[in-house]
Amino acid sequence: MEVMEKRPNIYLPQIARIIDVRDETPDTKTFVFRLRDDAAHAAFAWRPGQFVELSVFGLGEAPFGFASSPTRKGSFEITIRAVGALTRALHAMGAGAEVGIRGPLGNSFPYDEVQGRDILFIAGGIGLPPLRALIHNMFDERPKFGNITILYGARTPTDLVYKAELKEWASRQDIKFMVTVDRSEPGWEGNVGMVPTLFPKAGIKPEGTVSYMCGPPVMIRFVIQDLVSMGFADEDIISTLERHMKCGVGKCNHCCIGHKYVCRDGPVFSYKQMKGLLE
Amino acid sequence: MSRALRLDKGRLREWVAALQKSATVIAPVPLHGADVAFQPIKSADEITLEYDNPQDSPKRFLFPQSEDLLRYHRNGGYQVEPTYDEEKRVIFGIRCCDVSAIRFFDLTLGVEDLPDAYYARRRANTGLVAFACNAPCKECFCVCANTGPSLPSGGGYDIQLTDLGGAYLLVEVDTPKGEELVAAAPQLFSPASADDLAQRDALDQAAEKRFPRDPRLYFSASSRKVSVDAVEEELWRRMAQWCVTCGGCTNICPTCYCFNVTDAQMNGAGVRTRRWDSCQFPGLTREASGHNPRPEQLHRLRRRIFHKISYQYVARDGMQGCVGCGRCVRVCPGIRLGIPEVGEAIRRAEWK
C-alpha cells in the first residue's frame with residue numbers, strides 16, 4: 001500500500017493547448033493540440049488506436065481517439081463531432097485555449113505484427129479519424145507493408161472529413177483509395193452506396209490481408225459478416241468498439257462488455273476476441 | 001504473521017481511547033430505535049458490541065459516496081491540484097464479509113499496476129479491526145461466499161476480535177499495522193492460551209451450523225449458468241419486472257464501486273467530483289449519440305449478477321464479487337432481487 005501511493009494519480013490531467021482548428025464538415029472539426037509543458041510533450045508517446053480523456057474544465061471529460069500518427073510528433077490531432085455539451089463547448093474554442101488531457105489510454109491497433117502483409121481499411125463517417133492515425137503511420141513507413149487499400153463511406157459528400165487529404169490519397173500510386181456516399185449531392189460524381197458496395201470493385205483478396213475498420217455499430221456488424229463470408233480469418237478482422245468511457249482506466253465500470261473494459265482491454269478488438277464477449 | 005492475544009472486555013474502552021489519540025475511530029454505534037450504524041465516535045462509550053451488521057457497510061470511509069478528485073483554477077493558464085484525504089482511521093468492529101469486500105476493492109480499485117490514488121491513500125491510512133460473528137444475521141450467507149463468519153490469517157484484517165463468551169476477547173494480530181494498533185496500549189493485552197484458540201474454533205463451527213440448513217443460494221450452479229450465458233432472456237425479463245431502478249442494491253453493496261465524475265465551476269475555478277453510480281441506471285452506459293447498449297432493465301439486472309458471480313470476473317479480479325452480506329436482500333423494495341433470490345431462480349430456471 002505504501003508503494004501504491006508513490007504511483008502517479010491516474011485521474012490527474014495534463015494541460016494541453018489548442019494550436020490550430022480546422023473545419024471538416026458543418027458539425028466536425030479537427031483540433032491540433034500540444035501539451036503546455038514542452039518536456040511532457042516530448043515524452044508524450046502514443047500508438048494508433050489509443051485515445052485520451054479530454055477535459056473541458058467545467059464540463060468534465062470525454063474520450064477521443066488520436067487522429068494523427070506518432071511519427072508526426074510536434075503535435076497531435078483529434079477530430080471531433082459536436083454532439084453534446086462538452087463537444088459543443090470545444091467547438092467554440094480556438095487556438096490558445098487550454099484543455100486537460102489524460103492519456104494515452106487503451107490498447108492499440110496491431111502494427112509490428114502485421115508488417116509485410118496486405119492492409120485493408122474500412123471507415124464509416126467519423127470512424128475515419130482513428131484509422132487515419134494508423135494510415136499515416138503506415139504511409140510514413142510504407143515499405144514495411146504490402147498493398148494498402150482504403151475504403152471510406154459517409155452519409156453525404158458534405159459529411160466527408162479530411163476532404164483535401166482525400167484528394168491526395170486518391171492520387172497516390174502506392175495505395176488504392178475508394179470513397180462512397182450513402183446519398184449524393186449536386187456536383188458529386190463519385191460512388192453512391194454503402195461501404196460494402198465498394199468491396200467487389202476493390203478487388204479484395206482475403207489471403208494474407210488484415211482488415212481494420214472503424215465506424216457506426218451497424219456498419220461494423222454488416223462489414224464483419226461480409227468479411228467473414230469473403231474468407232477473412234476472425235483474428236484478421238480488427239475493429240474498435242464503442243462504449244461510454246468515463247475514467248478511461250478500467251475503474252468506473254461505464255464501458256464494460258462482459259468482463260472486458262473497452263477503455264483498458266480495448267478499444268481495439270479482433271472479431272475473434274469480440275466473439276468471446278458475453279453481453 | 002498471526003499472533004494471538006487476549007483482552008479483558010472491561011478494558012476495551014481503554015484500548016479504543018488509546019487508538020483515538022492517533023486516528024479517527026469508526027465503530028458500530030446504536031441509533032435511536034434498534035438500528036446500529038458505523039460512525040466516527042467521540043467516546044469509546046458510544047460503541048456497542050451487540051449488533052447485526054449495519055445496512056450501510058463501512059465502504060464509504062474508503063470510497064465515499066461523493067468525493068472531490070481535484071481542484072483547478074485559472075492563473076494565466078489552468079492549474080490543477082489533486083485533493084487528497086489524509087485522515088488516519090481505524091474501522092473498529094467491521095464484520096468479516098465487509099473485510100472481504102475491502103479485499104475485493106484492493107484487488108480492483110486499488111490494483112497495483114493502476115492504483116486509484118484516492119482509495120489507495122485512504123486504505124494505507126486505515127486500520128481494520130474485525131469482529132468475528134458468533135451467529136448469522138437473518139439474511140446473510142457468508143458461509144456460501146467463504147467470507148465468514150470468521151476469517152483465517154491473510155483474510156484482510158489487521159486485527160480480528162472474537163468474543164469468547166466469558167470475560168475476554170480473543171485478539172488475532174495479522175499485520176504490521178495490527179501490531180501498531182496493539183502497541184497503542186500494549187499493557188492491556190496478554191498472550192492467548194491454547195484453550196482460547198480451541199474455544200474460538202468451537203464458536204466458529206457453532207456459528208456455521210446456525211445458518212439456515214438450506215441456504216437459498218448455490219453459487220456453483222448459478223455462477224456456472226451465468227458464466228456460460230445459459231440463462232434464458234425471458235427469465236431475466238420476468239425478474240427485472242420487479243426492479244424499480246432505485247439503485248439500492250448497488251448503493252448498499254460493499255463491493256460495488258461504479259462511479260461517475262462531474263465538474264462544477266464558477267469564475268474560472270472549479271472542482272471535479274466523483275460520486276457512486278449504478279449499473280442499474282440507464283445513464284451508466286448511455287452514449288452521447290443516445291445509443292444505449294443496455295437499453296432495458298433486464299440487461300442491467302443481468303449485468304449486476306454477471307459482475308457479482310461470473311467465473312470471468314472471479315478470474316479477472318481474483319475473488320468473487322459477492323461476499324454474502326445479505327444487504328441486497330434487505331434493501332430491495334421489490335423484495336425479490338437480492339443475490340440469493342436471483343441465484344436461486346437461475347439455478348432452478350424458474351421465477352415464481
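Predicted model: local features only at pLDDT ≥ 70, side-chain atom pairs only at ≥ 80, totals over all residues.

Reply: Let us begin with a term: helices (H or I, at least four residues) and strands (E, at least two) are DSSP runs, numbered from the N terminus. Residues are numbered from 1 along each chain as its sequence is written, chains are lettered from A and ligands numbered from 1 in the order in which they are written, and side-chain values use heavy atoms, with hydrogens and water left out.

Me: Which residues does Asn107(A) touch, not counting those up to four places away in sequence?

Reply: Contact means heavy atoms within 4.5 Å. By that rule Asn107(A) touches Gly49(A), Gln50(A), Arg264(A), Asp265(A), Gly266(A), Pro267(A) and Val268(A). Val268(A) is 161 residues away along the chain, yet the two C-alpha atoms are separated by 6.4 Å.

Me: What does the side chain of Asn107(A) reach at 2.8 Å?

Reply: It reaches the backbone oxygen of Val268(A). The side chain of Asn107(A) also reaches the backbone oxygen of Asp265(A), at 3.1 Å. Both rest on the rule for a polar contact: a pair of N or O atoms within 3.5 Å, where, within protein, one must be able to donate a hydrogen and the other to accept it, and residues adjacent in sequence count only if both atoms are side-chain atoms.

Me: What kind of peptide bond joins Gly266(A) and Pro267(A)?

Reply: A cis peptide bond joins them, with omega about 15 degrees. Pro267(A) lies in the loop between strand E14 (260-261) and strand E15 (268-270) of chain A. Another cis peptide bond joins Gly103(A) and Pro104(A), with omega about 0 degrees, and Pro104(A) is in strand E6 of chain A. In general, most peptide bonds are trans.

Me: New topic: how many residues does each chain bring to the contact between chain B and chain A?

Reply: Chain B brings 53 residues and chain A brings 40. The area buried between them is about 4,200 Å², of which carbon and sulfur atoms give 55%. Buried area is the accessible area (1.4 Å probe) that two parts lose on being put together, summed over both.

Me: And how many salt bridges are there between chain B and chain A?

Reply: There are two, a salt bridge being a side-chain nitrogen of Lys or Arg within 4 Å of a carboxyl oxygen of Asp or Glu. Glu61(A) and Arg272(B) meet in a salt bridge at 3.4 Å, N to O. On the side of chain B that touches chain A, helix H3 (residues 117-124) of chain B gives the largest share, six residues.

Me: How many are there over all chains?

Reply: The whole structure has 44 salt bridges. Among them, Glu77(A) and Arg22(A) pair at 2.9 Å, N to O. Glu77(A) lies in strand E5 (residues 76-81) of chain A and Arg22(A) in strand E1 (residues 14-25) of chain A, so the pair ties together parts that are 55 residues apart in sequence.

Me: Last one: where is Asn146(B) found?

Reply: Asn146(B) is in the loop between helix H4 (142-145) and strand E8 (159-163) of chain B. Its phi is near 60 degrees, a positive value in a residue other than glycine.
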